[in-house]
Amino acid sequence: MSTAAPLVHARNLTKRFDAFTAVDAIDFDVQPAESFGFLGPNGAGKTSTMRMIACSSPLSDGELRVIGMDPRTEARQIKARLGVVPQIDNLDTELTVRENLEMYARYFDIPSDVARTRADELLEFVQLDERATDKVEPLSGGMKRRLTIARALINEPDLVILDEPTTGLDPQARHLLWDRLYRLKQRGATLIITTHYMDEAEQLCDRLVVMDKAHIVAEGSPRELIDRYSTREVLELRLADGVRAALNGKLDGLADRVEDLPDRVLLYTDDGERTLDELNRRAIPVEGTLVRRSSLEDVFLHLTGRSLVD
Amino acid sequence: MLASAAQVFIRNWLVYKRIWHRSIFFGFLQPFMFLSAMGIGMGTLLARNPNAFGGMSYLEFLGPGLLAASAMQVATFESTYPIMNKIMWGRNYEAMLSTPLGTRHILIGEMGWISFRLATIATVFMVVLWFMGVTASPLAVLAIPVAVLSGVGFSAGLFAFTTTQENDLGFSWIFRFVINPLFLFSGTFFPLSQLPSALVALAWLTPLFHAVELIRGLTLGRLDPVAAPIHLAYLLVFAAAGIWLADRGLKRRMEK
Ligand SMILES: Nc1ncnc2c1ncn2[C@@H]1O[C@H](COP(=O)(O)OP(=O)(O)OP(=O)(O)O)[C@@H](O)[C@H]1O
Ligand SMILES: [Mg+2]
């Protein structure tokens, strides 16, 4: 994998809006056939980065190569080989489901018989074949998202950029989309995904970066990040308000690190059960406890000081 | 370049062929209502003063002027709300720009589309004028491309304006303070010689006046050999400037 030229190569990549810096000199490489994630709280600069890769937004500074080409001079050639799923749907609401795919294919200069065949396959792939002749507007959010993904695949792209593909969907719709993205990955597609969902990142991403305030603050596989930035286990406590205020220092020394969240307290430790015993010995009254393995959520919390979904 | 721009045209055609009946009122019925109410109704009254319109009947005077004014109205409307929708609300351009299309393809496609719309409207209009016996010269055919040219000028200019707007509040301002005064004071309904000379001079600076004069001259076979080239040159510059501004505006707006 490391021998092939990266599909996306960014050095010092910077995006400024007037005086405001949305992406501040970030470096990353995306390898062919890899699923690469961007995590980060609202406003971290994920979409700004995606838009630069998609040649929709000019870079302010730095170096960027996409599929070996320069977005500044070869945007048209690059875009011909990309599939883009934007954060906010931009389907053509005046056209039908099928027309959305076939019209989009025209923008890529795909012959209409080829476009028809691909539209059939893709509609089936995203389970919208029965809605082919319907208008787009009355479709549910999940269906629109699936159609947007189908549309992004109409040109058989080498690289698919998905900006929060499942935000706002119900669990069932998300699982269907994950399954479709997983299949794409199996077929060797390279994916770049931004998400606020840690389970999504763990499921889909081979490697990811965490962005915060325009910077990349960590990079690695989900497993590596958990090993590096979190303990093996986490003890979650729910405390009554009064107890919480009166804790002052009683948790000291119990865990490697304590995270005080609005709704619960997290104790980072390598052995959750032992920490729980110790907690009981100190006679701290808790309303509920949970011992679990560390997840990306904990990494995120540690790195950005913020919980992900707000 | 043109092949890509043609796709933008085709997209509009795909939508239009389903909803064309909605645009019949503004494109066709409204001008004909004006034409019959004022041209024939008022015309009868005005016929008592045969020299008021330089020897033309009021219908002859009004018909070609109304063609120019209708082209302006359709063109400006089409470049405000629908374009704003494609920029902001429906994000159509964002979608197109993540394909090999660039902003210039989009602009050429849209201008091609509005030209087509204007050409159909102007042609139907001309046929009606011919039926009413207004056309007096084979040159009348040339009034159709002139109507398209002036319409494209307005369309491009408004397109450029739209690219700078964050909401639709500016449009009603434009209609109220630019389009309506032009509609009323460009010599469509009455000869400008009725106005104070300062206003006449002002009219010479505005595009609809030149469109009205040129279209009227062509339709009635009364071209003024000195003024006609000036009208045409003005309209060419007007359209070119509009397209240049729209091209810049769209690029600025979309490539952030
Ligand atoms: N066109 C723009 N003009 C000015 N500022 C912008 C523009 N687009 C984005 N920004 C700013 O850049 C910063 C990063 O925005 P961006 O959309 O990249 O964040 P994000 O990580 O995608 O956030 P979210 O998770 O909310 O989608 C934000 O502060 C945003 O307000
Ligand atoms: Mg975003």
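Predicted model: local features only at pLDDT ≥ 70, side-chain atom pairs only at ≥ 80, totals over all residues.

Student: Okay, which residues gather in the patch of negative charge on the surface?

Tutor: That patch brings together A:Asp256, A:Asp270, A:Asp271, A:Glu273 and A:Asp277.

Student: Where does A:Glu273 sit?

Tutor: A:Glu273 belongs to helix α10 of chain A, residues 272-281.

Student: And how does A:Glu273 count for accessibility?

Tutor: A:Glu273 counts as partly exposed because its relative accessibility is 46%, and that category runs between the 20% and 50% cut-offs.

Student: Switching to rings. How many aromatic pairs are there over all chains?

Tutor: The count is 22. One of them is B:Tyr58 with B:Phe61, a stacked pair with 6.3 Å centre to centre and 20° between the planes.

Student: Where are B:Tyr58 and B:Phe61 in chain B?

Tutor: Both are in helix α3 (residues 58-78), three residues apart, which is about one turn of the helix.

Student: Is B:Tyr58 buried or exposed?

Tutor: Buried: B:Tyr58 has a relative accessible area of 4%, and the cut-off for buried is under 20%. B:Phe61 is buried too, at 4% relative accessibility.

Student: What about B:Trp130 and B:Phe131?

Tutor: They make an edge-to-face pair, 5.6 Å centre to centre with 65° between the planes. Both B:Trp130 and B:Phe131 are exposed.

Student: Last one: which residues do ring pairs link into a cluster?

Tutor: B:Phe9, B:Trp13, B:Tyr16, B:Trp113 and B:Phe116 are linked that way.

Notes: Residues numbered from 1 in each chain as written. Chains lettered and ligands numbered in written order. Heavy atoms only, no water. Patch = residues over 30% accessible without salt bridge, like charges linked within 9 Å, V, L, I, M, F, W, Y side chains within 5 Å. Areas by Shrake-Rupley, 256 points an atom, 1.4 Å probe, with all protein chains shown as cover. Salt bridge = Lys/Arg side-chain N within 4 Å of Asp/Glu carboxyl O. Lys, Arg positive; Asp, Glu negative; His and termini not counted. Charge placed at Lys NZ, Arg CZ, Asp CG, Glu CD. Helix = DSSP H or I, 4+ residues; strand = E, 2+ residues; numbered from the N terminus. Buried < 20%, exposed > 50% of the residue type's maximum accessible area, 1.4 Å probe, protein only. Phe/Tyr/Trp six-rings, centres within 6.5 Å; stacked < 30°, edge-to-face > 60°.
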